[in-house]
Amino acid sequence: MNRRYLYLTAIACSAAFILLAIFPWRGFDPTGHWHRVGWVPFVSRPVRVVDVVGNLLLFVPLGASMALHARRPALLRTSAAAFVCSFLGEWAQVYSRYRYPSTGDLILNMAGALIAAYGTDLLRRRRSGRAETMHSLEASEMASRGVKVTYTAPAPPTLINGRGHARVD
């Protein structure tokens with residue numbers, strides 16, 4: 001299976017897990033409980049350390065899988081996806097008798113996804129830099145031993161038969 005499909009599957013599973021965790025499964029009431037919304041982040045309701053850490057860690061798989069799927073830093077896409085998932089969950093909590101939606105949760109969820117995406121991208125860049133360093137070390141070690149390494153670039157495919165395909169005889 002292609003890695004990109006695995007990453008897309010990881011993104012879909014992360015989003016589904018997030019929505020399952022955030023969505024209120026009991027006490028659903030068609031009238032909104034707007035008086036329970038914590039409008040001021042980290043002040044409105046009693047803020048517990050467990051809630052803060054839980055909201056940060058809940059979105060780590062989404063941020064990491066989106067960073068792995070992208071070929072370049074995808075912080076904007078990651079923050080947009082985290083915002084949409086978190087907003088849907090918090091919006092659904094407005095209509096629950098037992099849940100307390102909060103803008104602080106929204107901010108922490110996005111921060112967890114962004115930290116994971118940035119960390120994954122940073123690790124990927126460090127790993128690719130380490131691979132380039134290893135290749136340069138191998139070349140310098142071989143040069144110190146008197147081994148001459150030459151590299152000639154292959155001809156571009158358009159020059160092989162004029163249509164971009166290699167000719168098979």
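This is a predicted model: local features need pLDDT of at least 70, side-chain atom pairs count only at pLDDT 80 or more; totals for chains, interfaces and linings use all residues.
Residues are numbered from 1 along each chain as its sequence is written, and side-chain values use heavy atoms, with hydrogens and water left out.

Let me begin with helix H1, residues 3–22, and helix H4, residues 75–94, whose axes come within 9 Å and cross at roughly 20 degrees. Helices here are DSSP runs of H or I with at least four residues, numbered from the N terminus, and the axes are lines fitted to C-alpha atoms over the stretch in contact, with angles running from 0 to 180 degrees between N-to-C directions. That angle makes H1 roughly parallel to H4, where angles under 35 degrees count as roughly parallel, over 145 as roughly antiparallel, 65 to 115 as roughly perpendicular and the rest as oblique. H1 passes H4 in a right-handed crossing; a crossing is right-handed if the near helix is turned clockwise from the far one by less than a right angle, and left-handed if anticlockwise. In this contact, meaning heavy atoms within 4.5 Å, Ala15, Ile18, Leu19 and Ile22 of H1 meet Cys85, Leu88, Gly89, Glu90 and Gln93 of H4. By class, the contact of H1 with H4 has 6 nonpolar, 2 polar and 1 charged residues, where Ala, Val, Leu, Ile, Met, Phe, Trp, Tyr, Cys and Pro count as nonpolar, Asp, Glu, Lys and Arg as charged, and the others, Gly among them, as polar.

Now to the partner H3, which packs with H1 at an angle of about 160 degrees, the two axes being 9 Å apart. H1 and H3 are therefore roughly antiparallel to each other, and their crossing is left-handed. On the H1 side the contact includes Tyr7, Leu8 and Ile11, and on the H3 side it includes Leu62, Met66 and Leu68. The residues of the H1 and H3 contact fall into 10 nonpolar, 3 polar and 1 charged.

H3 also packs with H4, at an angle of about 145 degrees and with the axes 10 Å apart, in a right-handed crossing. Here Leu62, Gly63 and Met66 of H3 meet Arg77, Thr78, Ala81 and Ala82 of H4.

On a 1 Å grid over the protein atoms alone, a pocket is an open set with protein on both sides within 12 Å along at least five of seven lines, a cavity is a set of points where a 1.4 Å probe fits but cannot get out, and lining residues have an atom within 4 Å of a point. Among the residues lining the largest pocket are Arg3, Tyr7, His69 and Arg127, and H1, H3 (60–69) and helix H5 (103–144) each give two or more residues to that lining. The lining of the largest pocket has 4 nonpolar, 1 polar and 5 charged residues.

A search of the whole structure finds 2 cavities of 30 Å³ or more, and the second largest cavity holds about 40 Å³ of space. Its lining takes its largest share, 3 residues, from H5.

Note on methods
Grid points are joined across faces, edges and corners, and a volume is the space filled by probe spheres set on the points.
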